[in-house]
Amino acid sequence: MAEAFIYDAIRTPRGKGKRGGALYEVKPIDLVTNLLEALKSRHDLDTSKVEDLILACGEPVKEQGQNIAKAALVYSSWDDSTTGAQLHRYCAGGLDAVNIAAAKVAAGYEDLVAAGGVESMSRLGIGASGGATGDPWVAMKSYFISQGLGADMIATMDGFSREDVDRYAVMSQQRAAHAREQGYFKSIVPVKDFNGVTILDHDEFIRADTSMAALAKLKPAFQMFNDYGHGGVARLKYPQLENIECVHTPGNSSGIVDGAGLVLVGSERAGKEQNLQPRARILSCALVGTEPTLMLNGPAPATQKALQKAGLTVDDIDLFELNEAFASVVLRYQRVLGIPDEKINVNGGAIAMGHPIGATGAMILGTLLDELERRNLKRGVVTLCAGGGIGIATIIERV
Amino acid sequence: MGYIRLEKDSDGIVELIFDQPGKSVNTMGRDYDEAMRAAVTELQAMVEAGGVKGVYVRSGKPGQFFAGGDIKEMLEMDLKPSEAKKTEMYDGVMATKAPLRTLETLGVPVAVGLNGPALGGGFEIALACHHRVAMNGVQVGLPEAMIGLMPGAGGVVRMTYLLGMQEAIGLISQGKRLKAAQALEKGLLHELASDEADMHAKAKAWIKANPDAKQVWDQDAYQIPGGGPDEPANQGLTFFGPANVMVQTKNLMPAQNAIFACVVDSARVDFDTAQKIEGRYFLSLLLDQTARNMMTAFFVQMEALNKGASRPPVAERFTCKKLGIIGAGQMGAGIATIAAQKGISVVLKDISQENADRGKSYADAFFTKGIAKGKVTENKKAECMALIKASADYADLSDCDLIIEAVFEDRKVKAAVTKDTEAVIKSSSVFATNTSALPISELAAASTRPANFIGMHFFSPAEKMPLVEIIRGKLTSDEALAKAFDLAQQLGKTPIVVNDAAGFFTTRVIGTTISQGGIMLEEGINPVLIESAARDNGSPIGPLGAIDEISQETAYKNGKQAKADVEAQGKVWEDNAVSRVLDRMVNEFGRRGKVHGGGYYAYPEGGQKHLWPGLKDAFAPNGYKEIPYQDIKDRLTFCQSLEAVRAMEEGVIENVGDGNIGSIMGIGFPAQTGGAFQAINAYGLREFVARAQELEAKYGSDFAVPKLLIDRANDNKLFL
């Protein structure tokens with residue numbers, strides 16, 4: 001089997017995902033083409049050699065609809081020979097796109113593939129594309145509940161208090177603010193308009209001044225779901241839960257933002273042909289399905305599965321990048337795998353910077369790679385939880 | 001004579017008259033299908049031939065329109081048919097719907113006259129008519145959900161298309177029966193009539209005035225009221241609705257799930273496609289065990305019970321004009337309240353006038369609350385209150401037709417009251433003692449007329465709880481039993497009849513599950529799981545919560561009394577988990593019950609009750625004992641069904657229906673099982689025995705299988 005190398009990983013900055021956010025005026029397709037043009041110019045890339053573009057999107061409807069990957073290619077300056085596909089694996093999509101690209105390369109089916117994701121949450125918010133689980137019969141058969149309540153269930157069952165999750169959130173904010181200030185986020189490519197005028201060049205969601213006291217004032221975001229029946233459904237599936245302590249707020253959950261991420265994956269030969277320097281190799285990827293009502297416990301088993309495939313253990317990993325969907329997801333992951341704060345999300349995560357659903361997986365892979373390079377470390381894990389109980393993980397190793 | 005007659009009047013209106021031969025009410029079964037198909041085909045030909053001004057659908061039975069589906073026919077259907085057979089059943093469902101669609105699209109106006117109840121299938125027929133006229137006071141609605149079913153002849157689709165999703169879901173999934181005036185307000189009826197002649201006249205006048213009538217959903221500009229499922233205004237309904245259904249039913253009632261889904265699915269597509277979807281959901285319930293359980297208990301057995309299956313064949317029906325009640329506590333006052341509401345004169349006696357007056361004020365509070373809710377008028381309250389005489393004097397009981405003694409559960413007090421009462425009442429008057437457990441034949445020892453002495457076990461609060469357990473003592477006469485039975489019905493209660501033994505039927509059955517709760521707590525099982533298991537079984541309250549309501553202190557005292565009783569008889573009292581647990585709760589932890597500030601649960605002011613955290617240290621200091629959750633659930637129900645069979649084996653209960661209805665309505669046995677006996681049928685007799693034996697091996701002799709059950713399993717003889 002051939003090896004799959006990461007030749008580059010870039011992303012847009014993350015804009016606040018609402019009216020007034022810097023990227024609200026930007027169409028999702030332009031978030032993508034900004035990155036396509038940047039990738040092309042950074043490497044003087046012969047785009048005719050890039051065989052496919054796989055893009056994840058959480059709400060693939062309207063201006064993000066159908067196949068935004070091929071639409072963006074046609075709209076961009078890339079060669080017509082590159083084809084494209086849209087992918088949906090809920091929050092895991094952006095990383096899954098990279099994994100699929102790696103799998104095609106490793107299998108020898110293709111040599112050079114771009115992969116990532118895009119999400120304009122300000123223009124197409126959560127739920128914009130509807131969804132099969134919104135059907136009553138399906139929801140009843142599936143014991144469907146609000147995802148955030150699943151995070152509260154983890155906190156309740158694992159005994160994470162409001163203080164615990166808020167403390168984690170403050171740490172995420174402080175780390176992200178520090179990293180932004182120090183310029184650690186090398187993978188950021190500013191979003192520019194068609195005149196070349198920069199619209200946004202930094203993550204604008206971070207709140208450096210966040211404090212425990214300020215977070216404590218926020219109301220639980222999922223209490224309403226708990227009280228309006230979802231809590232009862234959860235207890236039908238988890239009879240040991242007498243009550244759910246609703247500890248998650250907008251302050252300790254991932255933020256709603258706009259953004260896109262793109263990773264260039266290829267074989268050794270393809271890199272040499274275009275004189276590209278590999279930044280890392282992909283050692284293994286894994287997907288798992290876990291209990292879907294609680295939904296968010298996938299990252300630990302996915303990581304274990306990826307480690308096993310790579311013949312590694314937790315101790316062989318220098319840094320972990322786990323999407324901060326909700327604070328309890330990270331705290332549980334750390335507890336299950338025994339990972340200290342110093343090794344995980346060291347430059348903050350989605351609580352501070354936001355989680356543009358389909359894009360996040362590709363974006364945080366770049367964040368991790370930047371930091372491995374900065375610290376001159378070797379291996380890292382990228383992992384996310386996703387809808388339906390999906391867990392995804394990818395292990396990379398610097399070359 | 002056929003089921004349906006077609007008669008054309010001089011104005012060219014064809015009357016379609018339902019008159020099922022050999023039945024007092026019309027039902028929707030095979031006979032109907034054939035007759036309706038033929039009738040509608042004939043109507044089509046008549047319309048094509050010309051000269052038909054319209055169709056008037058009505059019943060040929062006085063005061064009866066149409067009762068609904070033929071439940072007995074449904075109960076006979078195989079539950080697990082082959083795929084081919086299922087396809088045939090589905091085709092059958094669609095074939096039942098077809099003539100109604102033809103009827104509403106004949107091209108002539110169709111009116112219906114409802115001269116009596118139109119429930120279920122009957123109302124589905126009415127909904128397929130363009131104009132619905134009903135006589136004042138008749139009941140209409142789609143109550144199928146109450147017996148685990150849903151409408152299958154277009155009722156869900158038509159009600160959804162008529163009223164919109166929200167209203168349709170509410171009415172159908174709760175099986176709402178509406179008085180004609182309410183139905184008119186909702187748009188389910190169009191006109192009310194004072195009598196049959198008026199009804200016929202109004203229906204025909206409408207036909208003549210509306211030659212171009214069409215159903216709203218067949219009109220070009222039709223839009224579903226309130227919009228479809230993707231309408232923003234309906235997001236709350238479609239997003240939270242399913243969760244609410246699941247929470248309300250503990251996801252144990254397939255009918256409620258199917259109805260909700262069918263309404264929403266129907267609103268997504270066109271009318272004719274929706275009919276196919278409805279047929280599929282309906283078929284799934286025809287093949288559903290829960291529906292069978294509920295049809296068996298709430299239709300077949302309930303009907304038999306109400307018709308007097310357990311009443312001795314005493315020809316004369318007793319009507320109580322004056323009822324004496326001794327003991328004006330909550331129980332006595334509650335019975336007095338309901339009796340007055342039913343128009344019976346009541347003497348409410350207690351040891352002092354003050355006590356008796358306090359009992360009467362309970363009734364006052366009840367009716368005042370009724371006024372606030374708009375259910376009772378000031379006049380009605382005054383009438384009812386005037387019927388209750390509070391008294392401290394035995395002499396006031398002298399002309400009562402029947403006496404209910406509701407003093408506390410103390411043999412000596414009850415004996416004294418019996419003597420004092422019998423001294424003043426007529427020798428023919430029945431004396432009923434209200435007790436939940438004391439053997440009637442022993443209490444009857446204090447009576448000089450034991451043939452007239454009987455037990456009537458009311459449940460608290462008596463004005464609300466629908467069941468009365470009538471206990472026949474060894475010497476109780478048929479006449480006395482018939483009178484008690486008739487009185488219970490006069491009070492609007494459902495009577496079940498059992499023979500005398502400690503705990504009768506209901507108390508001994510519920511006692512077993514309460515005991516299991518205590519046993520499991522002492523074993524160190526997580527109390528949250530014990531209570532959740534009861535909830536997930538479909539019980540309205542868990543075994544621990546139930547004790548909190550009674551209060552640990554009361555239960556503890558009852559236990560001590562039981563011990564004293566046993567020892568007084570020279571027998572050895574065997575210590576048990578429940579008494580040990582109660583002893584510790586009361587004496588060690590001071591947790592004496594809800595009214596005393598907390599028991600197994602804590603009751604924070606303004607907050608939700610939650611299990612007392614001290615339970616872990618008290619009963620599982622080294623961590624909870626893990627057993628399969630299904631075992632916890634089964635322990636709580638199997639013990640009850642096994643005890644019910646033991647009661648039957650001992651002759652305490654003779655009629656399966658009494659046991660099923662008694663267990664559901666009296667002690668909260670999960671309704672979707674169809675009752676303590678039907679639960680065994682549903683599980684499968686042999687499978688139930690095997691599972692009970694497994695539980696016995698793991699958890700002891702409480703799960704020993706009575707011989708009667710083993711015999712029945714061997715002979716495959718269901719409890720019916």
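UniProt places the feature "domain: 3-hydroxyacyl-CoA dehydrogenase NAD binding", from an unreviewed entry, at residues 322-500 of chain B. UniProt positions follow the numbering used here, feature names are shortened, and annotations may be inferred rather than shown by experiment. The model is predicted: local features need pLDDT of at least 70, side-chain atom pairs count only at pLDDT 80 or more, and totals for chains, interfaces and linings use all residues. Residues are numbered from 1 along each chain as its sequence is written, chains are lettered from A and ligands numbered from 1 in the order in which they are written, and side-chain values use heavy atoms, with hydrogens and water left out.

The span 322-500 of chain B is 40% helix and 22% strand. Its end C-alpha atoms lie 27 Å apart. Helices (H or I, at least four residues) and strands (E, at least two) are DSSP runs, numbered from the N terminus.

"Domain: Thiolase N-terminal" is placed by UniProt at residues 5-223 of chain A. This span is 39% helix and 15% strand, and its end C-alpha atoms are 45 Å apart. "Domain: Thiolase C-terminal" covers residues 277-398 of chain A in the UniProt annotation. Here the chain is 35% helix and 25% strand, with the end C-alpha atoms 11 Å apart.

UniProt also lists C91(A), H355(A) and C385(A) under "active site" (unreviewed entry). They span 295 residues in sequence, yet no two of their C-alpha atoms are more than 11.9 Å apart, so they gather at one spot. H355(A) sits in the loop between α12 (350-353) and α13 (360-375) of chain A.

Chain B contains an open sheet of six strands, in the order β1-β2-β4-β6-β8-β11, with mixed pairing. Two strands pair if DSSP finds at least two bridges between them. β1 (4-8) and β11 (191-193) of chain B stand at the edges, each with a single partner strand, so one side of each has no neighbour in the sheet. Neighbouring strands of the sheet are turned by 20 degrees against each other on average, direction ignored. Strands β6 (residues 110-114) and β8 (residues 131-135) of chain B run parallel and are joined by four bridges. L114(B) has A134(B) as its bridge partner in β8(B). Helix α1 (residues 30-49) of chain B lies across β1, β2 (13-18) and β4 (54-59) of chain B. This helix runs at about 20 degrees to β1(B).

Another open sheet in chain B has three strands in the order β7-β9-β10, again with mixed pairing. Its edges are β7 (118-119) and β10 (177-179) of chain B, each with a single partner strand, so one side of each is left without a neighbour in the sheet. β7(B) pairs with β9 (residues 139-141) of chain B in the parallel sense over two bridges. A118(B) stands opposite V140(B) in β9(B).

Helix packing was examined next. Two packed helices are described by the angle between their axes and the distance between the axes. Axes are lines fitted to C-alpha atoms, for helices over the stretch in contact, and angles run from 0 to 180 degrees between N-to-C directions. Angles under 35 degrees count as roughly parallel, over 145 as roughly antiparallel, 65 to 115 as roughly perpendicular and the rest as oblique.

Within chain B, helices α6 (residues 165-173) and α10 (residues 254-268) pack at about 155 degrees, with their axes 10 Å apart. α6(B) and α10(B) are therefore roughly antiparallel. Contact means heavy atoms within 4.5 Å. Residues of α6(B) in this contact include A168(B), I169(B) and I172(B), and those of α10(B) include I259(B), F260(B) and V263(B). The contact has nine nonpolar, two polar and no charged residues. Ala, Val, Leu, Ile, Met, Phe, Trp, Tyr, Cys and Pro count as nonpolar, Asp, Glu, Lys and Arg as charged, and the others, Gly among them, as polar.

Within chain A, helices α6 (residues 162-182) and α11 (residues 327-337) pack at about 95 degrees, their axes 9 Å apart. That makes α6(A) roughly perpendicular to α11(A). D164(A), V165(A) and Y168(A) meet A327(A), S328(A), V330(A), L331(A) and Q334(A).

The axes of α8 (residues 223-237) of chain A and α9 (residues 235-249) of chain B come within 8 Å and cross at roughly 50 degrees. α8(A) is therefore oblique to α9(B). This crossing is left-handed. Among the residues in contact are F225(A) and Y228(A) of α8(A), and F239(B) and F240(B) of α9(B). The contact divides into 10 nonpolar, four polar and no charged residues.

Methods:
A crossing is left-handed if the near helix is turned anticlockwise from the far one by less than a right angle, and right-handed if clockwise.
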